Amino acid sequence: MPDATPGGDSPKDRERKLKRVVQDSLDFRGRVQAVCSSVKSVNALAKEAGVSEGTIRKWAAGDSEPSRDRLLAFARAAGVDPYWLLDGTGSMRPPGGAGEAVSSWIQGASPMDLNEYAPIPRVDVMAAAGDAVLLPTEEIVDFLLFKKSWLRRELGIDPQRAVVVQAKGDSMKPSIRDGDLLLVEVLQERANDDGIYVINVGGRVMVKRLQFLLDGSIKVVSDNAAYEPQVVKGDKGDGFWVVGRVVWSGSRL
């Protein structure tokens with residue numbers, strides 16, 4: 001990776017070399033090499049970026065990688081898109097110019113890896129009232145993305161067993177308000193821990209707080225004191241079915 005193109009190279013030669021390097025730029029190291037091959041002086045580029053030439057050469061050799069701030073400074077100095085430099089997204093020289101791409105980077109976050117996220121289906125709970133276990137795909141209205149690691153680490157649930165439903169009514173105020181989105185873990189086994197659940201009662205889907213009593217019966221409680229609590233014999237009795245546990249809620253301020 002020379003600091004400057006040999007004196008005998010014509011502009012077309014330099015262009016061909018650059019294209020050859022870009023074709024091999026399938027990783028960060030290759031993209032740094034492509035940037036270095038596109039400038040007259042790596043030393044000058046390093047000074048503009050506020051790093052040493054040795055640091056850039058380490059990036060190009062794959063011996064180290066820059067921090068977010070250094071990557072941004074390097075992209076700005078080289079006039080390239082920081083998104084492209086990071087993971088190959090888009091083009092090396094963005095149509096709107098590197099300045100616009102850098103501003104977009106600063107204002108937003110780096111491109112997310114969709115493999116790290118789980119598309120959780122949001123289902124129409126009213127349309128699905130007749131099915132208390134896995135709601136049919138034709139009743140899915142859209143999907144919400146949740147980070148898989150967050151679902152497992154913070155909520156302790158399997159993303160493949162999760163759905164999102166929308167709360168209706170005021171029976172669970174103030175814990176849950178009308179229109180809130182609820183992330184629900186669809187249960188594979190009978191529930192036995194107190195908490196807030198989605199239940200199916202005779203074909204009607206509700207969100208209630210459940211208390212599991214010592215005699216095997218279940219106390220169904222609304223957080224709104226205007227609604228009287230009820231007691232049922234147990235899960236899957238009296239047309240009563242515990243669909244899933246509410247593990248997270250989101251609402252408008």
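**Salt bridges and helix packing in a predicted model**

Arg 57 and Glu 53 sit four residues apart in helix H4 (residues 53-61), which means that about one helical turn separates them. Helices here are DSSP runs of H or I with at least four residues, strands are runs of E with at least two, and both are numbered from the N terminus. The two side chains form a salt bridge, and their closest N and O atoms are 2.7 Å apart. By salt bridge I mean a side-chain nitrogen of Lys or Arg within 4 Å of a carboxyl oxygen of Asp or Glu. Side chains of opposite charge can pair when their charged atoms come close.

Some notes on the source. This is a predicted model, in which local features need pLDDT of at least 70 and side-chain atom pairs count only at pLDDT 80 or more, while totals for chains, interfaces and linings use all residues. Residues are numbered from 1 along each chain as its sequence is written, and side-chain values use heavy atoms, with hydrogens and water left out.

Now the chain as a whole. It has eight helices and nine strands. Of its 253 residues, 38% are buried. Buried means under 20% relative accessible area, exposed means over 50%, and partly exposed is in between (1.4 Å probe, protein chains only). Among contacts with a separation of 6 or more, 54% are between residues 24 or more positions apart; a contact is heavy atoms within 4.5 Å.

Back to the charged pairs. How many salt bridges does the structure hold? There are four. In the one I began with, Arg 57 counts as partly exposed, because its relative accessibility is 29%. Another joins Glu 154 to Arg 153, at 3.2 Å from N to O. Glu 154 is partly exposed at 48%, and Arg 153 is exposed at 57%.

A further salt bridge links Arg 245 and Glu 185, with 2.8 Å between the closest N and O atoms. Arg 245 belongs to strand S9 (residues 240-250) and Glu 185 to strand S4 (residues 181-186), so this pair ties together parts 60 residues apart in sequence.

Arg 190 is exposed, at 56%. Its C-alpha atom is 9.3 Å from that of Val 243, a residue 53 positions away along the chain.

Next, helix packing. H4 returns here: helix H2 (residues 28-37) packs against H4 at about 130°, and the axes are 7 Å apart. Axes are lines fitted to C-alpha atoms over the stretch in contact, and angles run from 0 to 180 degrees between N-to-C directions. H2 is therefore oblique to H4. (Under 35 degrees is roughly parallel, over 145 roughly antiparallel, 65 to 115 roughly perpendicular, and the rest oblique.) From H2, the contact includes Phe 28 and Val 32; from H4, it includes Ile 56 and Trp 59. This contact has seven nonpolar residues, one polar and one charged.

The other pair is helix H3 (residues 42-49) and helix H5 (residues 68-78), at about 125° with axes 8 Å apart. That makes H3 oblique to H5 as well. Leu 45, Glu 48 and Ala 49 of H3 touch Ala 73, Phe 74, Ala 77 and Ala 78 of H5. Six of these residues are nonpolar, none is polar and one is charged. (Ala, Val, Leu, Ile, Met, Phe, Trp, Tyr, Cys and Pro are nonpolar; Asp, Glu, Lys and Arg are charged; the others, Gly among them, are polar.)
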